[in-house]
Every structure is written in structure tokens, then in C-alpha cells.
Amino acid sequence: MGETTRVIKRIDSDKNASYKQWLKLKTAHGRKKEGRVLLESRKLVAEALDVGKTVDVLIVEEGKENALESMLAYCRIFTVNGNANLPPQVVLASSLFRKLSVMEQPDGILAVLCMDQPDAMPSMKSGRWLLLDHLQDPGNVGTLLRSAEAFGFTHIVSLASADFASEKVLRASMGAALRLHLYHADEGSVNGWKKRGTIPWIGADLEGQAIDAFAFPNDFVLVIGNEGRGLSPEVADAMDAFVTIPMQGGGESLNAAVSGSILMAWAALQPSEKRHSNPQ
């Protein structure tokens with residue numbers, strides 16, 4: 001593979017110190033303690049490199065050494081013949097690689113990323129925000145991050161929701177988690193940072209106003225509650241308005257990721273003349 005095979009070592013034993021450290025990154029506790037994240041798939045690893053994330057090492061599965069060239073094909077900042085700044089690579093025995101992977105059909109490449117420190121919670125005074133209130137399913141969280149990026153919700157707050165840095169969230173977000181502004185809120189802190197902001201909070205709730213009769217403001221916080229329980233009491237008390245998606249057929253409600261995505265799309269596509277500075 002020419003320049004792309006700057007392999008610093010090959011690992012065949014599960015007793016290897018680096019390998020044991022990487023295994024710890026499969027848990028939230030391990031990621032927090034080590035300050036590192038495992039990222040999988042050629043496309044997502046390329047995205048991490050393109051947005052300037054610090055990558056400690058690229059891990060290539062034994063027998064899939066061509067995964068590196070395939071990953072570089074997605075990169076905008078590297079080419080196969082010009083990759084002097086490419087992170088070091090390790091070839092990992094297939095059996096060990098599969099224990100790190102969370103994919104049913106791994107494509108042969110993993111990366112160890114330095115975890116970004118959580119941003120300090122700023123005052124919510126402008127823009128479109130998404131607050132995830134105790135969402136537990138990483139697939140839902142990742143999908144909502146992907147939709148948020150698509151529809152202009154650039155600041156995302158997690159209140160006791162699935163870990164943004166988990167492999168399942170990163171993959172479901174299709175790289176959006178690497179590009180958005182992400183924040184973590186502590187339990188019991190909602191009222192404090194709500195008071196510091198100036199934009200309204202709008203919660204998704206079955207008893208809310210139908211979105212086709214609701215005028216979304218230009219700047220606001222959209223709040224999506226837990227998959228089974230909805231908004232937590234602390235968060236519900238902070239709402240300025242509630243909205244719901246009218247159901248045309250059977251079923252009691254929509255999946256949290258689906259409903260949140262619809263609400264963000266509706267707000268983004270609503271004609272400007274229907275918007276207001278405060279929820280109506």
C-alpha cells in the first residue's frame with residue numbers, strides 16, 4: 001500500500017496493553033476515564049479526519065489492509081499519495097478486531113479519537129437548539145443529531161440521554177455528532193440555565209398544539225422527551241409552549257426520533273411570514 005502502510009506494529013494478543021485500553025472505550029465509564037472514543041467505519045473515520053479531530057491511531061483488521069485506501073477515498077484532506085500527516089496505523093488480528101467492533105459486518109477500520117471536552121453551557125439567546133430529555137436509545141439520539149444538522153439545529157443539549165460519544169450514536173448520526181455543538185446538562189440544573197436564556201422552549205407533547213396551527217419562532221429550543229415517559233417534570237415546567245403532530249391513522253404516537261425529525265423539518269420549512277418572535 002505504499003505510503004499508506006506506515007504500520008507501527010501488529011497486535012495478535014488480547015494481553016497487549018493498547019488493546020486492553022481500547023476495549024475499555026466500549027463503555028461510557030471507560031471513554032470518560034481514558035478521554036478517548038472508538039469510531040468505526042471508513043466513512044466516519046474519514047469524516048473525523050476531515051473535521052480536524054485528533055486521531056491517536058488507525059486500527060486496520062488483518063486481511064482488510066485495503067480498508068485504509070478505501071477510507072482515504074472519502075477524505076477531502078488526504079490522498080493516497082499525499083498522506084504524510086496520516087495517523088499511525090496498527091494491524092489487528094481479525095478475532096481481536098471483531099471484539100472491538102459493534103458492526104455485524106465490519107468494514108475493516110477503526111479509529112481511536114481524543115474525546116472533546118464538553119462545552120460549557122452558554123446562555124440560550126439565539127439560534128435553534130435541540131434538548132434531549134432522558135432519551136435512552138442511542139439510535140434515536142444519533143438519528144436526531146443527523147436530523148438536527150440537516151434542519152439547522154446546531155446546538156444540542158443532553159439531559160441524562162444516551163452518550164454522544166458511544167459508537168452507536170456516532171454511527172446513527174452519520175458523522176453529525178462530530179460537527180455539531182454538543183452540551184451536557186446536569187439533573188436539577190434546568191431552571192438555572194433556562195433563566196439565563198431569552199429564547200422560548202417548545203416541548204413535544206401529545207397534548208400540545210397541532211404543528212400545522214403553530215407559528216414557530218425564529219429562535220427557540222425544541223425539547224424531545226423520553227421514549228416512554230415523555231418530558232420529565234423538571235423540563236415540562238420550563239416549557240413556554242407544547243406542540244404535537246396530528247395523527248391521520250392508527251397508533252398512539254410516533255417514535256421519538258421520527259417525531260423530533262418531523263418537528264425540526266416543519267420548523268425549518270415553515271414560511272417566514274408565519275413565524276413569530278415568541279410562540280403563539
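A nonpolar core is taken here as a set of buried Ala, Val, Leu, Ile, Met, Phe, Trp, Tyr and Cys residues joined through side-chain atoms within 4.5 Å. In the predicted model, the largest such core has 52 residues, and those with the most contacts inside it are Met71, Leu130, Leu132, Leu145, Ile156 and Ile224. Leu145, when residues up to four places away in sequence are left aside, touches Ile156, Phe164, Val169, Ser173, Ala176, Ala177, Leu180 and Leu182.

The secondary structure of the protein consists of 10 helices and 11 strands, and 49% of its 280 residues are buried. Among contacts between residues at least 6 apart in sequence, 81% join residues at least 24 apart. The protein exposes about 13200 Å², of which carbon and sulfur atoms supply 49%.

Helix 4 (residues 67-74) contributes Met71 to its set of buried residues, together with Ala67, Leu68 and Leu72. Seen down the helix axis, these buried residues fall within an arc of 135 degrees, so they line one face of helix 4. Such an arrangement may be read against the geometry of the α-helix, which has 3.6 residues a turn, so that residues three or four places apart point the same way. The cover over the buried residues of helix 4 includes helix 3 (42-50), strand 3 (55-61), strand 4 (89-92) and strand 5.

Helix 3 is largely enclosed by the rest of the structure, because 8 of its 9 residues are buried; these are Arg42, Leu44, Val45, Ala46, Glu47, Ala48, Leu49 and Asp50. The buried residues of helix 3 pack against strand 2 (36-40), strand 3, helix 4, strand 5 and helix 7 (167-172). Just after helix 3, Gly52 takes a positive phi of about 85 degrees.

Strand 5 (residues 109-114) contains Val112, which counts as buried because its relative accessibility of 2% lies under the 20% cut-off. Beyond residues up to four places away in sequence, Val112 touches Trp22, Leu25, Arg36, Val37, Leu38, Thr54, Val55, Asp56, Val57 and Ile59. The C-alpha atoms of Val112 and Ile59 are separated by 7.9 Å, although the two residues lie 53 residues apart along the chain.

Side chains of opposite charge can pair when their charged atoms come close, and the whole structure holds 12 salt bridges. In one of them, Arg179 pairs with Glu47, the closest N and O atoms being 2.7 Å apart. This pair links distant parts of the chain, 132 residues apart, with Arg179 in the loop between helix 7 and strand 8 (181-185) and Glu47 in helix 3. Arg179 is partly exposed, with a relative accessible area of 33%, whereas Glu47 is buried at 13% relative accessibility.

Lys194 forms a salt bridge with Asp240, with the closest N and O atoms 3.3 Å apart. Here too distant parts of the chain are linked, Lys194 lying in helix 8 (residues 190-196) and Asp240 in the loop between helix 9 (233-236) and strand 11 (241-244), 46 residues apart. Lys194 is buried, with a relative accessible area of 17%, while Asp240 is partly exposed at 43% relative accessibility. A further salt bridge joins Asp14 to Lys15, the closest N and O atoms being 3.2 Å apart; at 35% relative accessibility Asp14 is partly exposed, and Lys15, at 61%, is exposed. Arg10, Asp12 and Glu62 are linked in a network of salt bridges.

Conventions:
Residues numbered from 1 in each chain as written. Predicted model: local features only at pLDDT ≥ 70, side-chain atom pairs only at ≥ 80, totals over all residues. Heavy atoms only, no water. Helix = DSSP H or I, 4+ residues; strand = E, 2+ residues; numbered from the N terminus. Buried < 20%, exposed > 50% of the residue type's maximum accessible area, 1.4 Å probe, protein only. Contact = heavy atoms within 4.5 Å. Areas by Shrake-Rupley, 256 points an atom, 1.4 Å probe, with all protein chains shown as cover. Arc of directions from axis to C-beta. Salt bridge = Lys/Arg side-chain N within 4 Å of Asp/Glu carboxyl O.
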